Amino acid sequence: MSSIDGKAVSNPYYVYGILHLSKNFHEWEASQGPRFKEYRRAWALRIAEMDHGDFPLNLNVEVTTRCNLACTFCSHSSLTPEQLGDMPWERYVRLIDEGERHNMPTVNLNGLGEPLLVRNLPQVVVYAKQHGFIDVMFHTNGSVMSEPLALALIEAGLDRIIFSVDSPDKATYEAMRINGRWDRVMENVRTFAGVRNKLGRTVPLIRTTMVLTEATSRQVEDFVTMWKPFADQITLQDLTWRTKLLDRGLWKNRERTAVPVDLDLVREEAVRRRISFVCPYLYQSVYAFWNGDVIPCGNPNARKHMIMGQFDNATLHEIWHGQTYRELRTLHAEGRWYEHPVCRECEVPLIELYKVLGSEGEERFTGSPECSTRPAADPVPRLQVASELGTRDSSVVDLVTSFQNELAGSVSKEPASTLNQEQIPK
């Protein structure tokens, strides 16, 4: 039996990898108080101990489902008219107020929409900062950023802003982000950085991130080079959400993954070898949609098929400890995550299991005739997924990674190095 057989795996950063952390980022983390450091420690510890605590650490608030782009890899186009809307202020206030009562440290103002389309977004940020949240952030496509808006968000007290910019190449970017203008977005990110720096501020921290697809996997090094002068953090994530079950038919992702493997075969081999997956979302975060539905994660199928509760009918605390959550955590704790239809098809466990199954040799697992009636695929060259691409340089170790290493008893001793071509998929 292999040393990994019968084990449980997880990753506090899901399918993300960190490529660069600036000096400003490290100084900012080091300057934070005990509450912040305990929250980052808990981000790793809760999963390791499968302890969901009294309350989630992070609240993902879907401030809107409106969006001005039509990205090829996003399921936004599958939303029905009744699923489009903005979160009412009163519901947002109740969410934040409950988070404050439970000492919740962080809120991410994101769902399946573009937050910058919400006209009172600075006020949304201010309210969270005034009510005890120490890490307030959101993701944006950056297309409507302006100097006045940048100033308003900075003055509101925003802690982090994540620009999803995906590619250093204009043609690749505009093919993926339909209706997006590469030149404008690149300039908007630089504008935000310029406004912040002109004010003499070091926050909000600026993060740029890309989705790792077949097309962008060859652009990682150029992406890092492009954004190092402006970004405090540069990340990438694996392509997820292959399909979404609709009332009629399927939504299908139009991008191709950079991982040349049959993920269904990965699941079958993991089940055969009793290598299980524990989902970090179940212990760290909760998603509150604009209409009050509460779900555990960002999987597009969860919007309809994984509702944990309704915030207008129960508190977040009640939902977090409710039967639906308990049953789902039990499935994962017992190694039966694949019995839930949404978890079974989710790429988050499959990518993590793919990493583990390839850890024992120089070639990636692509299939086994003993665990499937389908023919086994030929071995493919070892390929790093996003979280592996981001772990070579010791200078990219943040607090969560440091705590995770401590928990694993394997603090990295590697010297700092720069991203090199051998780390980039060909």
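Here is a friendly conversation about a predicted model of one protein chain.

Student: Among contacts between residues at least 6 apart in sequence, what share joins residues at least 24 apart?
Tutor: Good thing to ask about a chain that exposes about 18200 Å², with carbon and sulfur atoms supplying 51% of that area. For contacts between residues at least 6 apart in sequence, the share that joins residues at least 24 apart is 75%.

Student: Is the crossing of H5 and H7 left-handed or right-handed?
Tutor: You can look at the two helices where their axes come within 9 Å. The crossing of H5 and H7 there is right-handed.

Student: Are H9 and H15 oblique or roughly perpendicular to each other?
Tutor: Helix H9 covers residues 263-272, and helix H15 covers residues 347-357. The two axes come within 9 Å and cross at roughly 70°. Angles from 65 to 115 degrees belong to one class, so H9 and H15 are roughly perpendicular.

Student: How many nonpolar, polar and charged residues are in the contact of H9 with H15?
Tutor: The crossing of H9 and H15 is left-handed. Here Leu263, Val266, Arg267, Glu269 and Ala270 in H9 meet Glu347, Leu350, Leu353, Tyr354 and Leu357 in H15. By class, the contact of H9 with H15 divides into seven nonpolar, no polar and three charged.

Student: Is the crossing of H2 and H17 left-handed or right-handed?
Tutor: Helix H2 (residues 34-49) and helix H17 (residues 399-408) have axes that come within 9 Å and cross at roughly 45°. H2 and H17 are therefore oblique to each other. As for the handedness, H2 passes H17 in a crossing that is right-handed.

Student: Which residues of H17 take part in the contact with H2?
Tutor: H2 brings Phe36, Lys37, Arg40, Arg41, Trp43, Ala44, Leu45 and Ala48 to the contact. By class, the contact of H2 with H17 has nine nonpolar, one polar and three charged residues. On the H17 side, the residues are Leu399, Val400, Phe403, Gln404 and Leu407.

Student: Is Pro122 buried or exposed?
Tutor: You will find Pro122 in helix H4. Not counting residues up to four places away in sequence, Pro122 touches Leu149, Ala152, Leu153 and Ala156. Its relative accessible area is 16%, and the cut-off is under 20%, so Pro122 is buried.

Student: What distance separates the C-alpha atoms of Pro122 and Leu151?
Tutor: Along the chain, Pro122 and Leu151 are 29 residues apart.

Student: Where does Asn110 lie, and is Asn110 buried or exposed?
Tutor: Asn110 lies in the loop between strand S5 (106-108) and helix H4 (121-130). Leaving aside its neighbours within four places in sequence, Asn110 is in contact with Asn60, Val61, Glu62, Pro115, Phe138 and His139. Because its relative accessibility is 11%, Asn110 counts as buried.

Student: What is phi of Tyr14 near?
Tutor: Most residues other than glycine have a negative phi. Tyr14, in the loop between strand S1 (8-9) and strand S2 (16-21), is buried with a relative accessible area of 11%. Phi of Tyr14 has a positive value, near 55°.

Student: What is omega of the bond that joins Val203 and Pro204?
Tutor: Most peptide bonds are trans. Pro204 is found in the loop between H7 and strand S9 (205-212). A cis peptide bond joins Val203 and Pro204, and omega is about 10°.

Technical notes: Residues numbered from 1 in each chain as written. Predicted model: local features only at pLDDT ≥ 70, side-chain atom pairs only at ≥ 80, totals over all residues. Heavy atoms only, no water. Axes fitted to C-alpha atoms, helices over the stretch in contact; angles between N-to-C directions. Helix = DSSP H or I, 4+ residues; strand = E, 2+ residues; numbered from the N terminus. Left-handed = near helix turned anticlockwise from the far one by under 90°. Contact = heavy atoms within 4.5 Å. Areas by Shrake-Rupley, 256 points an atom, 1.4 Å probe, with all protein chains shown as cover. Buried < 20%, exposed > 50% of the residue type's maximum accessible area, 1.4 Å probe, protein only. Parallel < 35°, antiparallel > 145°, perpendicular 65-115°, else oblique. Nonpolar A, V, L, I, M, F, W, Y, C, P; charged D, E, K, R; others polar.
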